[in-house]
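Student: Could you walk me through how to read the features of a structure such as this one?
Tutor: Gladly; let us look at it together.

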Amino acid sequence: RSPKWLPGEGAGGMGSETTGEASFVEVAPGRYLFALLGNERQMALTLFFPEPAPHTFERAERLETLRETVEVPRNQLPLLVTFSDISNPITVRRVDPDDLAATFGPGYALKSVTLEITDERVTDGEVEKALGWLGEIWPNRLDGNRFGTIRSPNRFANTLSANSFSSEIGR
């Protein structure tokens, strides 16, 4: 699946926001790889306009009308995760983009990731189809705690929430 990132409707310049869902792919039956939401706007500014610009505002304005695709360098990849048990949010695990075989088995490798700015509609509900529990856990973290805490037995699951997968959860 390849959901797209879009500037927020009706927003201009620096006031734009990203909306949408995490990109994901089913790499094996019932085994998914998710590229989590994060700082897509800053990533887009950096990747599409690597040359120094006099003002960030000018780059942001240009970004609003840009419709292109760029390959994301390995050192700028979003956080990649999977679940040992797709029906249990606490089983979330970080995936090493340079060693998918360690998570998914021999023969799996990440060739490339691209970032595309498009006029296509933002996908809606695809992540929730894969993660049936996503709407039910909001506003909690994946480990069930309402807030981040160093006392969580599963610190990684405690750092993620439903909003790591969809900007529309809880709206």
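Student: What should I keep in mind about the model, and how many helices and strands does the chain have?
Tutor: Keep in mind that this is a predicted model. The chain has six helices and eight strands, and along the sequence these follow the pattern β-β-β-β-α-α-β-β-β-α-β-α-α-α.

Student: Which share of the residues counts as buried, and which share of the contacts joins residues 24 or more positions apart?
Tutor: Of the 171 residues in the chain, 44% count as buried. Among the contacts in the chain with a separation of 6 or more, 60% are between residues 24 or more positions apart.

Student: How do the axes of H1 and H2 cross?
Tutor: A crossing is read from the angle between the two axes, and angles of 65 to 115 degrees count as roughly perpendicular. Here the axes of helix H1, residues 40-48, and helix H2, residues 56-65, come within 10 Å and cross at roughly 95°, which means that H1 is roughly perpendicular to H2.

Student: Which residues meet where H1 and H2 are in contact?
Tutor: From H1, Arg41, Ala44, Leu45 and Phe48 take part, and they meet Thr56, Arg59, Ala60, Leu63 and Glu64 of H2. Sorted by class, this contact of H1 with H2 has five nonpolar, one polar and three charged residues.

Student: How many salt bridges does a search of the whole structure find?
Tutor: The general idea is that side chains of opposite charge can pair when their charged atoms come close. In this structure, a search of the whole model finds three salt bridges.

Student: Where do Arg67 and Asp119 lie, and how far apart are their closest N and O atoms?
Tutor: Arg67 forms a salt bridge with Asp119, and their closest N and O atoms are 2.7 Å apart. Arg67 lies in the loop between H2 and strand S5 (69-71), whereas Asp119 lies in the loop between strand S8 (114-116) and helix H4 (126-130), so the pair ties together parts that are 52 residues apart in sequence. Arg67 is partly exposed, at a relative accessible area of 34%, while Asp119 is exposed, at 63%.

Student: Which residue pairs with Arg74, and where do the two lie?
Tutor: Arg74 forms a salt bridge with Asp98, with 2.9 Å between the closest N and O atoms. Because Arg74 lies in the loop between S5 and strand S6 (80-83) and Asp98 in the loop between strand S7 (92-94) and helix H3 (100-104), this pair ties together parts that are 24 residues apart in sequence. Arg74 counts as partly exposed at 38% relative accessibility, and Asp98 is exposed, with a relative accessible area of 58%.

Student: What separates Lys129 and Glu126 in helix H4?
Tutor: Lys129 and Glu126 are three residues apart in helix H4, so about one helical turn separates them. Lys129 forms a salt bridge with Glu126, the closest N and O atoms being 3.1 Å apart. Lys129 counts as exposed at 64% relative accessibility, whereas Glu126 is partly exposed at 23%.

Student: Is Thr118 buried or exposed?
Tutor: The cut-off to apply is that a residue under 20% relative accessible area is buried. Thr118, whose place is in the loop between S8 and H4, has a relative accessible area of 8% and is therefore buried. A polar atom of the Thr118 side chain lies 3.0 Å from the backbone nitrogen of Glu120.

How values were computed:
Residues are numbered from 1 along each chain as its sequence is written. This is a predicted model: local features need pLDDT of at least 70, side-chain atom pairs count only at pLDDT 80 or more; totals for chains, interfaces and linings use all residues. Side-chain values use heavy atoms; hydrogens and water are left out. Axes are lines fitted to C-alpha atoms, for helices over the stretch in contact, and angles run from 0 to 180 degrees between N-to-C directions. Helices (H or I, at least four residues) and strands (E, at least two) are DSSP runs, numbered from the N terminus. Angles under 35 degrees count as roughly parallel, over 145 as roughly antiparallel, 65 to 115 as roughly perpendicular and the rest as oblique. Contact means heavy atoms within 4.5 Å. Ala, Val, Leu, Ile, Met, Phe, Trp, Tyr, Cys and Pro count as nonpolar, Asp, Glu, Lys and Arg as charged, and the others, Gly among them, as polar. A salt bridge is a side-chain nitrogen of Lys or Arg within 4 Å of a carboxyl oxygen of Asp or Glu. Buried means under 20% relative accessible area, exposed over 50%, partly exposed in between (1.4 Å probe, protein chains only). A polar contact is a pair of N or O atoms within 3.5 Å; within protein, one must be able to donate a hydrogen and the other to accept it, and residues adjacent in sequence count only if both atoms are side-chain atoms.
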